[in-house]
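Subject: Structure for you to look at

Hello,

Here is the structure I promised to pass on, together with some notes on what turned up when I went through it. Have a look at it first, and then read on.

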Amino acid sequence: GPVSNSVAPGLIPAPSPSPGFNVNASLDVLHLAWAAYCNNSALEAWDCQWCHRTQGLLLLSFMTDAQAGTQGYVALDNHRSRIIVAIRGSKNGANDILDAEFWTKHFPPLREGAMVHHGFLAAYSSLRNATLTAVSKGLIQCPKCTVLVTGHSLGAAVATLAATEMATMSSVPRGGIHLFTFGSPRVGNAVFAAAAAALFGSGQLTRMAREHDIVPGIPPRKIVFGYEHLPREVWNRHEEGVPDWYIVCDSSGEDPMCYNSEVHLSAEEHTHYMGFKGGYCNGGPKLEAARVLPTVV
């Protein structure tokens, strides 16, 4: 009979996922991140192509800033006692401008010298008040809730800043914030990365980078601003004809044996994570109208 892990000749067999990496729970988070591409009505009804893995979410806030081209949502997941914060990735020209220039500014919640990409900071600032207000509201409704912050692409960068600021706030339960991002660019310098990472406990930081996705390679480390990734990288490897597999990398954020070991060529891979192509959203079966509604242009 067929061997379950047989692969085409010449391919490295996919190892089993690294110990401690929960593929199903991570797929749940990925769907929550992709759902940030959906419109307000789809999220209010919690009926969209990405909504089915986590049932019964209550939308607390749909955040959008047309000028900045940013969008996201905050929702209450009573079933899992958590508040979800999800930020959308680049969808239009405004975001592409935000993604373009690499100079840095100080990130006010952290100490002097903690510098972040000015465009990512501007994108976060456009959603900050609405996001923090909604999270506070959620914690009043559910004081024992943890907060899961997620996003893809530019949304991953904004999620990183949001989670970092929340982790400095006394109103948020200590150790109660989890940051799980997909396809994040580098957000800030080494001082920022170390100061941010120190705010989170073990297992509360996950940054998935897909093999050949160009975005986690920018801004490059070598430029004058000294960009560094936050830990802990999970490297989403993939080969034609075998299921994706996952390598949990070292605690540095810049493991030379993981994403940094490869040449990154493809913008196409940026919207393929864990076997799902996202970066867009159709409304669910009850929301025919949502399929044709334009998003922010």
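This is a predicted model: local features need pLDDT of at least 70, side-chain atom pairs count only at pLDDT 80 or more; totals for chains, interfaces and linings use all residues.

Met 257 and Ile 247 are 10 residues apart along the chain, and their C-alpha atoms are separated by 9.8 Å.

Glu 262 also sits in the loop between E12 and E13, but Glu 262 counts as buried, at 14% relative accessibility. What does Glu 262 contact, once its neighbours within four places in sequence are left aside? Its partners are Arg 210, Glu 211, His 212 and Trp 235. His 212 is 50 residues from Glu 262 in sequence, yet the C-alpha atoms of the two are 7.4 Å apart in space.

Now for the protein as a whole. It has seven helices and 14 strands, and 54% of its 297 residues count as buried. If you take contacts between residues at least 6 apart in sequence, 71% of them join residues at least 24 apart.

In soluble globular proteins, nonpolar side chains tend to be buried together. The largest nonpolar core in this model has 45 residues, and Val 147, Val 149, Met 166, Ile 177 and Phe 192 have the most contacts inside it. At least two residues of this core come from each of strand E1 (58-65), E2, E3, H4, strand E6 (146-152), H5, strand E7 (177-182) and helix H6 (190-197). Another core, of 32 residues, lies apart from that one, and includes Ala 33, Trp 34, Tyr 246 and Cys 281.

Leaving aside neighbours within four places in sequence, Ile 177 is in contact with Val 147, Val 149, Ala 163, Met 166, Ala 167, Val 172, Phe 200 and Gln 204.

Next, a pair of helices. Two packed helices are described by the angle between their axes and the distance between the axes. For helix H4 (residues 118-141) and helix H5 (residues 154-167), the axes come within 9 Å and cross at roughly 55°. At that angle H4 is oblique to H5, and the crossing is right-handed. On the H4 side, the contact is made by Phe 120, Leu 121, Ala 123, Tyr 124, Arg 128, Thr 131, Leu 132 and Val 135. H5 brings Leu 154, Ala 157, Val 158, Leu 161, Ala 162, Glu 165 and Met 166. By type, the residues of this contact divide into 12 nonpolar, one polar and two charged.

Beyond its neighbours within four places in sequence, Glu 165 is in contact with Phe 107, Pro 109, Tyr 124, Arg 128 and Leu 132.

Last, the backbone. Most residues other than glycine have a negative phi, and most peptide bonds are trans. Here are the places that depart from this:

- Ile 218 and Pro 219 are joined by a cis peptide bond, with omega about -15°. Pro 219 is in the loop between strand E9 (205-210) and strand E10 (227-228).
- Pro 231 and Arg 232 are also joined by a cis peptide bond, with omega about -20°. Arg 232 is in the loop between E10 and strand E11 (233-239).
- Ser 81 is not a glycine, yet its phi is positive, near 50°. Ser 81 is in the loop between strand E2 (70-77) and strand E3 (82-87), and counts as partly exposed at 35% relative accessibility.
- Met 274, also not a glycine, has a positive phi of about 55°. Met 274 lies in the loop between strand E13 (272-273) and strand E14 (276-277), and is buried, with a relative accessible area of 5%.

Happy to go through any of this with you.

Best wishes

Note on methods
Residues are numbered from 1 along each chain as its sequence is written. Side-chain values use heavy atoms; hydrogens and water are left out. Helices (H or I, at least four residues) and strands (E, at least two) are DSSP runs, numbered from the N terminus. Buried means under 20% relative accessible area, exposed over 50%, partly exposed in between (1.4 Å probe, protein chains only). Axes are lines fitted to C-alpha atoms, for helices over the stretch in contact, and angles run from 0 to 180 degrees between N-to-C directions. Angles under 35 degrees count as roughly parallel, over 145 as roughly antiparallel, 65 to 115 as roughly perpendicular and the rest as oblique. A crossing is left-handed if the near helix is turned anticlockwise from the far one by less than a right angle, and right-handed if clockwise. Contact means heavy atoms within 4.5 Å. Ala, Val, Leu, Ile, Met, Phe, Trp, Tyr, Cys and Pro count as nonpolar, Asp, Glu, Lys and Arg as charged, and the others, Gly among them, as polar. A nonpolar core is a set of buried Ala, Val, Leu, Ile, Met, Phe, Trp, Tyr and Cys residues joined through side-chain atoms within 4.5 Å.
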